[in-house]
Amino acid sequence: MVKQNNDLIKAMKDYAEENNVPIMSDEGISFLTNYITKNKIKRILEIGTAIAYSSIMMAYTDDDVEVTTIERDEKRFLEAIKNVKKAELEDRINLIYNDALEVKIEGDYDLIFIDAAKAQNIKFFEKFKDNLIPGGVIITDNMKFHGLVDKKEEEIESRNLRQLVRKIKEYKNFLDTNKEFDTTFKDIGDGLAISIDKKN
């Protein structure tokens, strides 16, 4: 079993805070990794690598877990490569430098984790759901978006933020009304949506 590198995890958290890189909260990552272990998930597709914090944490759950992860920001991608190497997980984390909406992914996954540009969540979901095994799960982070989703629109000063919050609400509605998936929303970390494919 690859030993978890706690110094690296702390360094990644510090880097994220200093460089304003959004990574999952402790509560969120704890839920995600426990979910992976409990459901014996082995193949994961992640949309939005950032600095590979969640990719590494997911890969640490079991030696059989393989993660394919996509990132379009060059600086973050290069940082992710360094972190994966330090974690000694190059053989189980496949990093792709590209825009997720432009890349073609082959193969089937047990879990798809969406943690990228929030305004594109519906497009990500629609594009990659076909890469899911029957009965697989799509988990989406930032459904609360720092508490802004629960606020009235007029209370959000920034126009860009208002538009983003509107997009997250549209996505929530999309999940609520999606006949192919059964979605539950968890008030954990920054808010998670767990969408289970109804096909068996």
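A polar contact here is a pair of N or O atoms within 3.5 Å, and within protein one of the two must be able to donate a hydrogen and the other to accept it. In this predicted model, such a contact of 2.5 Å joins the side chains of Glu-46 and Ser-55. Glu-46 sits in strand 1, which runs over residues 43-47. With a relative accessible area of 0%, Glu-46 falls under the 20% cut-off and so counts as buried. Leaving aside residues up to four places away in sequence, Glu-46 touches Ser-54, Ser-55, Met-58, Val-67, Thr-68, Thr-69, Ile-70 and Phe-113.

Next comes helix 1. This helix takes in residues 6-18, 13 residues in all, and spans 18 Å from its first C-alpha to its last, close to the 18 Å expected at 1.5 Å a residue. Its buried residues are Leu-8, Ile-9, Met-12, Tyr-15 and Ala-16. Those five lie on the same side of helix 1, because the arc they cover around the axis is only 125 degrees. What do they pack against? The buried residues of helix 1 meet helix 3 (53-59) and helix 4 (74-86). Turn to the face pointing away from the buried side, and the exposed residues there are Asn-6, Asp-7, Lys-10, Glu-17 and Glu-18.

Both ends of helix 1 have something to look at. At the start, a side-chain oxygen of Asn-5 comes to within 3.2 Å of the backbone nitrogen of Asp-7. Asn-5 itself belongs to the segment before helix 1. Its relative accessibility is 26%, so Asn-5 counts as partly exposed. Once residues up to four places away in sequence are set aside, Asn-5 is in touch with Tyr-60 and Lys-86. Asn-5 and Met-57 are 52 residues apart in sequence, yet their C-alpha atoms are 9.9 Å apart in space. Just after helix 1, the backbone of Asn-20 takes a positive phi of about 55 degrees.

Helix 4 can also be viewed through one of its own residues, Asn-83. Is Asn-83 buried or exposed? Its relative accessible area is 4%, so Asn-83 counts as buried. The contacts of Asn-83, not counting residues up to four places away in sequence, are Leu-8, Met-12, Ile-51 and Ile-56.

Helix 5 (residues 121-128) has a buried set of its own, made up of Asn-121, Phe-124, Phe-125 and Phe-128. Here the arc around the axis is only 95 degrees, which is why these residues end up on the same side of helix 5.

The largest pocket holds about 740 Å³. Its lining is made of 36 residues, and those closest to its centre are Pro-22, Asp-115, Ala-116, Ala-117 and Lys-118. Which elements give two or more residues to the lining? They are helix 3 and strand 2 (66-71).

How values were computed. Residues numbered from 1 in each chain as written. Predicted model: local features only at pLDDT ≥ 70, side-chain atom pairs only at ≥ 80, totals over all residues. Heavy atoms only, no water. Helix = DSSP H or I, 4+ residues; strand = E, 2+ residues; numbered from the N terminus. Expected span 1.5 Å × (residues − 1). Buried < 20%, exposed > 50% of the residue type's maximum accessible area, 1.4 Å probe, protein only. Arc of directions from axis to C-beta. Contact = heavy atoms within 4.5 Å. 1 Å grid on protein atoms, 1.4 Å probe; cavity = no way out; pocket = protein on both sides within 12 Å on 5 of 7 lines; lining within 4 Å. Points joined across faces, edges and corners; volume = space filled by probe spheres on them.
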